[in-house]
Amino acid sequence: MQDQARIQHEQMKQQIAAGFGRAATTYDRVGPHFFSYFGQRLVTLTSPVNGMRILDVAAGKGAILFPVAEHIGPTGHAVGIDLSEQMVQETNAEIMRRELRNAEIHLMDAEQLNFPDASFDGVYCGFALFFLPSINDALAECHRVLKPGGYIAVSTWGKDDTRWSWYGELLKASNISWDAAPWVRFQALNNEKDVHRVLTEAGFQDLHTITEEREFVYTHEEEWWNIQWSHGMRHILETLSPVALQDFKHETFHRMQALKQPDGLHQIYTALLTWDKKPL
């Protein structure tokens, strides 16, 4: 990698880590917990068993790490890694609060895993592949640390709820500084073909994907707004000036009125849940 490109690559990682650091305290802790829901579903589908050693890449607040730790029991071990120091601190505190002896989390780069070859029976990555500056390098590392016959399991977002299509259109019309948030232009991986392609290129075979929809309800507009700041969307919103941000919020709240139901605002989230085994 050329020196300038390498510098930009590392700067991008720092920006991503800093953004998620700012979101760490509320990440998957306000409103509908869709990360926890789909994390549990991915773990249930792959059924890790007692005694397994599992790696959770970009573990965040433990949406996958904690259900994995429950599945593998006291003889297994779940290891999470994340690029955000704040995320690691938050999740480590939760591990201690739960008094888990079979789980841990470390500050680590997914592109440079500090583990020996063939260290894990399974590797998970929940809703994070599309944020990684080099998906190929990260997946190569995942492949390296898996034991022969071990499996990888990833989740990515699918199609958006058509009732909310106006939101993407509003973003495009809001003078978002895409250069200031370049990671949002990475491979979206929001379709089975592209997910299978990147995993196949990394050496994984016999891929299985299911598409799962789940409707979540925001009790009011402010709850929805707060959630936007608790995950990756804040990277985009932070590029707006204070005035533009206020205008954007006002317009989104106006558009939401047509979606309101007696119990709140409904939105369908679609996830692609994919898993595979490393060839023997």
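**The contact of α2 with α3**

A: Let's start with the residues themselves: on the α2 side Q40, V43 and T44 touch P67, V68 and H71 of α3 (contact means heavy atoms within 4.5 Å; helices, H or I over at least four residues, and strands, E over at least two, are DSSP runs numbered from the N terminus). By class, this contact counts three nonpolar, three polar and no charged residues (nonpolar is Ala, Val, Leu, Ile, Met, Phe, Trp, Tyr, Cys and Pro; charged is Asp, Glu, Lys and Arg; polar is the others, Gly among them). This is a predicted model, in which local features need pLDDT of at least 70 and side-chain atom pairs pLDDT 80 or more, while totals for chains, interfaces and linings use all residues. Residues are numbered from 1 along each chain as its sequence is written, and side-chain values use heavy atoms, leaving out hydrogens and water.

Helix α2 covers residues 34–46 and helix α3 residues 65–72; their axes come within 8 Å and cross at roughly 30 degrees (lines fitted to C-alpha atoms over the stretch in contact, with angles from 0 to 180 degrees between N-to-C directions).

Now for the strands. β2 (residues 77–82) runs parallel to β3 (residues 103–107), joined by five bridges (pairing takes at least two DSSP bridges). Within this pair, G80 has I105 of β3 as its bridge partner.

Further along, β4 (residues 120–126) pairs with β5 (residues 146–157) in the parallel sense, over six bridges. Here C125 faces V154 in β5. β5 also pairs with β8 (residues 264–277), this time antiparallel and over seven bridges, and Y151 stands opposite K277 in β8.

Stepping back, the protein chain has ten helices and eight strands. Its radius of gyration is 19 Å, close to the 19 Å that the globule rule gives for 280 residues, so the chain is as compact as a globular protein of that length (taken over C-alpha atoms; the rule is 2.2 Å times the number of residues to the power 0.38). Those C-alpha atoms fill a box of roughly 55 × 50 × 35 Å along the principal axes.
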